[in-house]
Amino acid sequence: MAGPINNIMVYIDGSEESMAAAHYAIALASSTRSRLEAFYVINTKALNDLVKARIFLQEEQLDYEHDLREDAERYLKHVGELAQKKNVRIDAAKAVGNVHQEIVKRVKEREIDLLVIGELSHIRSRRDEFYDETERAMRAVSCSVLIVKDEDRAWELYSGL
Amino acid sequence: MALVDLIKKDVVKVPLVSQTKPEIIDELIDILYNASRIKDREDVREAINKREELGSTGLEFGIAVPHAKTNAVGTLTVAIGISPAGVDFDALDGKPSKLFFLILAAPNQSGPHIEALAEIAKLSKSRTFLTALMNAKSADEVLDLFRLD
């Protein structure tokens with residue numbers, strides 16, 4: 001009988017927290033022999049919001065979108081290399097749009113049974129505590145969610161493979 | 001990382017004392033310099049001014065969001081300043097700007113930069129919250145307004 005975790009997705013956004021999540025997800029995929037995917041969303045929704053709010057000019061929008069696409073390649077490549085070093089197979093995927101919606105969609109499409117994300121903000125903001133896109137995704141996805149805390153421990157698990 | 005994680009007492013200044021746009025920019029940069037968030041004020045000034053030349057970051061309702069990518073920071077960095085009297089910042093509505101968010105990001109951290117700016121865009125939709133911020137008398141009061149008890 002298959003175990004409870006067969007198909008893991010780790011959300012990467014380039015933050016240190018998401019890198020800790022990647023370390024942990026690789027260790028978990030190795031120990032459970034699960035399929036693992038790294039997923040990055042190019043947040044064009046935020047870019048559009050910034051142009052609408054007139055904080056960004058059109059040319060900034062193009063410039064930053066280019067940066068985000070480069071970031072996606074860089075961070076997914078880095079996570080791929082981390083997995084390869086430990087002989088763990090990992091698929092990399094990216095999407096363009098609204099972060100939490102794309103995560104929810106991908107989880108369904110790929111029949112993910114565990115979403116791994118980095119630690120959320122310690123401080124609860126008075127102002128729309130659900131603004132954080134990762135937190136929104138955590139609440140909206142159909143699968144279980146593992147929030148990785150303790151970056152040092154995540155690194156230990158990974159380096160111990 | 002949420003904007004609220006970056007807002008610490010040492011990067012909030014109330015009141016700002018400058019009276020012109022260049023002076024306000026310098027005063028905001030000094031907040032970060034004095035809080036040891038940046039070492040090179042000139043690099044930051046150049047990056048901010050370059051962005052301002054493309055178009056003022058003074059928005060409506062008294063907010064201004066000067067921002068830039070710069071190698072002068074290794075991580076997303078924010079300063080907040082409040083000028084009760086207001087300063088002419090070439091704002092979109094032609095009115096004085098009172099609430100300033102200075103946002104700096106390293107060139108390879110566009111994601112967090114965009115998310116911080118998007119949070120500010122969202123905050124700016126609440127006139128009540130903006131009014132409360134602009135009337136804050138101290139850095140502690142600003143922090144309280146951003147956080148839940």
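## A guided tour of chains A and B

Begin by selecting chain A: for its 161 residues, a compact globule would have a radius of gyration near 15 Å, and the 16 Å of chain A agrees with this. That radius is taken over C-alpha atoms, and the globule rule is 2.2 Å times the number of residues to the power 0.38. The model is predicted, so that local features need pLDDT of at least 70 and side-chain atom pairs count only at pLDDT 80 or more, while totals for chains, interfaces and linings use all residues. Residues are numbered from 1 along each chain as its sequence is written, and chains are lettered from A and ligands numbered from 1 in the order in which they are written.

**Chain A as a whole**

A cartoon display shows 6 helices and 5 strands, in the order β-α-β-α-α-β-α-β-α-β-α along the sequence. Helices (H or I, at least four residues) and strands (E, at least two) are DSSP runs, numbered from the N terminus. Of the 161 residues in chain A, 42% are buried. A residue is buried if 20 or more other C-beta atoms lie within 10 Å of its own, exposed if 12 or fewer, and partly exposed in between, with C-beta atoms placed from the backbone. Among contacts in chain A with a separation of 6 or more, 78% are between residues 24 or more positions apart; two residues are in contact if their C-beta atoms, placed from the backbone, lie within 7 Å.

**Stop 1: L115(A)**

Select L115(A), which is found in strand 4 (residues 114-118) of chain A. L115(A) is buried because 26 other C-beta atoms lie within 10 Å. Next, show M9(A), Y11(A), V107(A), V141(A), C143(A) and V145(A): these are the contacts of L115(A) once its neighbours within four places in sequence are left aside. For a distance check, pick the C-alpha atoms of L115(A) and D150(A); the two residues are 35 apart along the chain, and these atoms are separated by 17 Å.

**Stop 2: two helices of chain A**

Select helix 2 (residues 44-52) and helix 3 (residues 58-85) of chain A, which pack at an angle of about 165° with their axes 9 Å apart. Helix 2 of chain A is therefore roughly antiparallel to helix 3 of chain A, a term for angles over 145 degrees. Show side chains here: T44(A), L47(A) and V51(A) of helix 2 meet Q58(A), Q61(A), Y64(A) and E65(A) of helix 3. By class, this contact has 3 nonpolar, 3 polar and 1 charged residues. Ala, Val, Leu, Ile, Met, Phe, Trp, Tyr, Cys and Pro count as nonpolar, Asp, Glu, Lys and Arg as charged, and the others, Gly among them, as polar.

**Stop 3: chain B and its side towards chain A**

Now select chain B, in which 6 helices and 5 strands run α-β-α-α-β-β-β-β-α-α-α from the N terminus on. Buried residues account for 49% of its 149 residues.

Finally, display both chains: 29 residues of chain B are in contact with 25 residues of chain A. Helix 1 (3-6), helix 4 (110-123) and helix 6 (139-146) of chain B are the elements that give two or more residues to this side of chain B. Helix 4 of chain B supplies the largest share, 11 residues. Coloured by class, the residues of this side of chain B divide into 17 nonpolar, 7 polar and 5 charged.

Definitions and conventions
Axes fitted to C-alpha atoms, helices over the stretch in contact; angles between N-to-C directions. Parallel < 35°, antiparallel > 145°, perpendicular 65-115°, else oblique.
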